[in-house]
Amino acid sequence: METVEEDVEEYSWREVVLPHLVPVVPDGAPPELERETGERRRGRDLLVAVDFGPNSKHAFDWALAHIARMADTVHLVHAVSSVQNEIVYDKSRELMEDLAVETFKTLLVRSKARIVEGDAGKVICREADRLKPAAVILGTRGRGLIQSVLQGSVSEYCFHNCKAAPIIIVPGKEAGEQSVL
């Protein structure tokens, strides 16, 4: 765990050590076996905010299907109330590992994961400011305008406060698996 001080505000986070999925090529191997080619290094950073909800999983799947490409790095970010709570951290780490494996199996895309302590909207915007990603992808519950204003909405907060342009995925009720942008 590392505490980072930015401006006046402090926040805590824990990097998740993901399974090493890409095989390591020994020195002296033929160049066609080398995964770290120039094309791979020129990839984009994509930030995907995840939690345990189905709308978050839908946004993650949508990002893999429509935005991510082989050269990209998918940064998974999960906001929790406390990174010190081992039970919360272990469950979050399991979620991140599962998503990282799915990311690799689906597109052979590299992923990094971070569990950050704090309010979800602020965490996502802070990580977006740190990474400067090409896109911020997150799900939404699909609440109406009145409910979002009264109860608050992470996607609404990110839409108005992230400096990187977020992409908000709204699962359509009658559209099933299709996304409504």
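**Cysteines, a helix and a buried histidine**

In this predicted model, the number of disulfides is zero, counting a disulfide as a pair of cysteine sulfur atoms within 2.5 Å. A disulfide is a covalent bond between the sulfur atoms of two cysteines. Cys 125 is buried, with a relative accessible area of 6%. Cys 162 is buried too, and its relative accessible area is 10%. Both values count as buried because the cut-off is under 20% relative accessible area.

Consider next the chain as a whole. Its secondary structure consists of six helices and eight strands. Followed along the sequence, these elements come in the order β-β-α-β-α-β-α-β-α-β-α-α-β-β. The chain has 181 residues, and 39% of them count as buried. The chain exposes about 10,600 Å², of which carbon and sulfur atoms supply 53%. Contacts can also be sorted by how far apart the partners lie in sequence. Among those between residues at least 6 apart, 75% join residues at least 24 apart.

Helix H3 covers residues 86–107, which makes 22 residues. At 1.5 Å a residue, the helix should span 32 Å, and its end C-alpha atoms are 31 Å apart, so the two values agree. Which residues of H3 are buried? They are Tyr 89, Ser 92, Leu 95, Met 96, Leu 99, Ala 100, Thr 103 and Phe 104. Seen down the axis of H3, these buried residues fall within an arc of 165°, and therefore they line one face of the helix. The face turned away from the buried side carries Ile 87, Asp 98 and Lys 105, which are exposed.

The two ends of H3 can be described as well. At its start, a side-chain oxygen of Asn 85 comes to within 3.1 Å of the backbone nitrogen of Ile 87. After H3 comes Leu 108, which has a positive phi, near 60°.

The last stop is a residue in a strand. His 75 belongs to strand S4, which runs over residues 73–80. Is His 75 buried or exposed? With a relative accessible area of 8%, His 75 is buried. If its neighbours within four places in sequence are left aside, His 75 is in contact with Asp 45, Leu 46, Leu 47, Val 48, Lys 112 and Leu 131.

Note on methods:
Residues are numbered from 1 along each chain as its sequence is written. This is a predicted model: local features need pLDDT of at least 70, side-chain atom pairs count only at pLDDT 80 or more; totals for chains, interfaces and linings use all residues. Side-chain values use heavy atoms; hydrogens and water are left out. Helices (H or I, at least four residues) and strands (E, at least two) are DSSP runs, numbered from the N terminus. The expected span of a helix is 1.5 Å times one less than its number of residues. Buried means under 20% relative accessible area, exposed over 50%, partly exposed in between (1.4 Å probe, protein chains only). The arc is that of the directions from the helix axis to the C-beta atoms. A polar contact is a pair of N or O atoms within 3.5 Å; within protein, one must be able to donate a hydrogen and the other to accept it, and residues adjacent in sequence count only if both atoms are side-chain atoms. Contact means heavy atoms within 4.5 Å. Accessible areas come from the Shrake-Rupley method with a 1.4 Å probe; for residues, only the protein chains shown count as cover.
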